[in-house]
Amino acid sequence: MLFTSFEFIAFLAVMFLLYYLVPKKFQWLLLLAGSYVFYAWAGPHFLAYILTTTGTTWLAARWITRMQAEQAAWLKAHKAEMSREERKAYKAEGKKKTRRPFLACLLLNLGILAVIKYTDFFISNVNGIFGTDLAFMRFALPMGISFYTFQSMGYLIDVYRGKYPAQDSLGKFALFVSFFPQVVQGPISRYDDLAQTLYEEHPYDHRNISFGVQRICWGFFKKLVVADRLLVAVNELIQNPADYTGAFVLLAMFLYAIELYADFTGGIDMTIGIAQVFGVKLVENFERPFFSKNTAEYWRRWHITMGTWFRDYIFYPISVCQPMLKLSKASREKLGQALGKRIPVYLSTAIVWFVTGLWHGASWNFIVWGMLNCLVLIVSQEFEPFYAWFHGKFPKVGKTFWYRLFQVGRTFCLMSAIRILDCYRDVPLTFHQVGTIFTQGNWGIFADGSLLALGLSEADWAVIAIGVAVMLCVSLAGRSGSVREKLAAKPLPVRYALYWVLFVSILVFGAYGIGYDASQFIYNQF
Amino acid sequence: MKKKRFFTVLIALCLLVGSLWFLQRLLMPKYIHDIIEGRLISEYYDNAGGNDVIFVGDCEVYENISPITLWEEYGITSYIRGSAQQLIWQSYYLMEETLKYETPKVMVFNVLSMMYDEPQNEAYNRMTLDGMRWSQSKVDSIKASMTEEEDFLSYVFPLLRYHSRWSELSGEDFQYLFQTKKSFHQGYLMRVDVRPVTSYPSETPLADYQFSDTCYEYLDKMVALCEANGVELVLMKAPSIYPVWYDEWDQQMEEYAEEHGLLYLNFLDLTEEVGIDFNTDTYDNGLHLNLSGAEKMAHYFGKILQDTYQLPDHRQDPEVAAQWQEKADFYHAMEEDQYRELEEYGYLKSYGGRNPNEE
């Protein structure tokens, strides 16, 4: 059930009516039932995967919490009769005990993800290296498996770390894992962020619901008017690489960047809006990433919940693990303080970006994409002294609007260039195509009508241009506070006129129905 | 304050619904010049009632029989509820719907659609279904007709289907926003030009000639519907030589008609009796008849209908005669205009003809 399908809109309408009709104490149960209906819509057999993750994580977390509680109680009871060393030893022993269910659950669920998502990638590499002809398994990928697995494992790690106790209710935990607006493409929520808002009772709040609907409509606009219309040209450019080289590759680069942004942020707008309609507050996943002035900032503002997940559950643990601490010590001794302390940080960064690439897809293009991002971040870091020197020498330059615009443009171009690996999904082909930008010299395509041979008419390009301009204006307006809040302060006729324009734009200019291929959200596949 | 807010919201809702209704009307195809067949079904409602014969079926009825000739020669009042590639379930539901407006004495079903046992084409579905007024028959017809890519909601709100026409809007869409053009003669689409038959189709052997259970099911329903309403059902196969009408199919229709006591006329076997000359009586190599052919068909078929079912001659009824005189005047005026265009341009410029210089 795609968010943009009529079935989903009908499903949402029924859920909405029931949600505010049932007694409030049953609201979370309704959300749970709705979430499973939504999930089963893709194929009832897929429920087995999410139920396995839910059940095992809930059991393991409960087990860990129970052991932690027993250990804490025992320690409290015997505190007086134990020395500091004994208490430390007892704690270490306790940690070891809780580690067993923790690791078992972690390995099981990451194993499921690995087998389902990466087996064919592994087989293709084995076939490639050893010249074997092993058959591909072609597992059907359960909807949102990367998202709900990461969300569940984040919860398990937090419980293991003693950040909060495990959820007692299996139903409530199942809702945390499967909450239908976010199960498909995130955001990857943290239990302590989501639990309270998800389980508490929500009275009918007109303003909240109105804001939620506005956010949903805005998501529809981005997805249907901009992303899915651009998709036609992007597909044409990407699926026929031999026909579209040189300047066309540059065009594909930028069009894909805009399409992905409109698609993913549109999907997240819908997700957050839908949750808001039910009174549930989800964390933001984007913060105007295309306004970033450097790569590091970009990654703090793009797919925020994924970035923080990798930071908290992979980067930090790796950075402080024993082998890394030893490496840190050794490198500082051998290479000196300045360089030596950077080695473990960069190694942790590289590992995180390798995993990030792999998380996005089981193919080398995603891994290379991750490593290129890592390279850009490290190079930027290494250039810090130069930037500092430059700004010290020319203090006024850095403060000008034009310099900031240059920084934003540079980051956008860099990120778009790296993201092209996502398009061709073939590393050598991607580098070849990018190489033609510098050799082909067919810059006339922007003026000779070639753009009209990409499956989009002049009218389509006009809609895209206006759509992108509107998105830009909304982003600019959003820098100084919530756009919906600002809108709510406008006189009623102005407000309603804007709602009308947005709604009618989606209805009329949206790329949906017969004649348009129903396009999945790009991030659904992750 | 609450009252004010209530009325504001109410007015906003009314404006929203009104603007959507307006947009829907604007964006829906008007079928004024190019594919005028899209207007055939909706034109019936202005002419419903008082018809003794109703024809249902695909282009083989709306291009091959002239109701005005039936009137002028026999005083038979008739209407053709035809549409492009009308499928048998669509014909059935149109019959069912027609019976809500009038009870004719005879209903004639053209059997070519027996060859299709599943939904075929969204564009043709639209031309048949969009023009129908809302009723249970329309709902059932939509459900039976939808291809996999279609959804029911877009029939309820055609804006969802036609929204992408915004970039194709022309003056025609505004001109015919709240009005339409009269182009048909009791559901008959007139063409006076001639394009003779130059070759006959070769009969590609089929793996299976048996009509499907689905088609028989709807044929049975037609029989039952007509029986229940005291209407005589006649089966016909128009004298179109494309697509091929196989002997094996004809045999099945003959057997069915015999079994159910129905009159079945295969005009492909009666071309000589009708007097059809495929050098002069078709405008597209034998796919459809032109006016000359359609009038010959009406002349021949009208006699059979009148003799077999004792259809009254309404020409003696002044009120009916006056109404039909108007229809006949429009018919002859168009006939004259088509001949004028043919002479002036060499093709039917305003009536869907193809400019030979552009071919």
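This is a predicted model: local features need pLDDT of at least 70, side-chain atom pairs count only at pLDDT 80 or more; totals for chains, interfaces and linings use all residues.
Which residues does A:Q167 touch, not counting residues up to four places away in sequence?

Residues are numbered from 1 along each chain as its sequence is written, chains are lettered from A and ligands numbered from 1 in the order in which they are written, and side-chain values use heavy atoms, leaving out hydrogens and water.

**View 1. A:Q167 and its neighbours.** Leaving aside residues up to four places away in sequence, A:Q167 touches A:W58, A:R62, A:Y155, A:K172, A:F173, A:Y191 and A:Y199 (contact means heavy atoms within 4.5 Å). A:Q167 lies in the loop between α5 (145-160) and α6 (170-178) of chain A, and is buried, at 12% relative accessible area (buried means under 20%, with a 1.4 Å probe and protein chains only).

**View 2. Where chain A meets chain B.** Here 18 residues of chain A contact 21 residues of chain B. About 1700 Å² is buried between the two chains, and carbon and sulfur atoms give 75% of that area (the accessible area, 1.4 Å probe, that two parts lose on being put together, summed over both). Look for A:F6, A:V508 and A:I514: they supply 38% of the area that chain A buries against chain B, more than any other three residues.

Definitions and conventions:
Helices (H or I, at least four residues) and strands (E, at least two) are DSSP runs, numbered from the N terminus. Buried means under 20% relative accessible area, exposed over 50%, partly exposed in between (1.4 Å probe, protein chains only).
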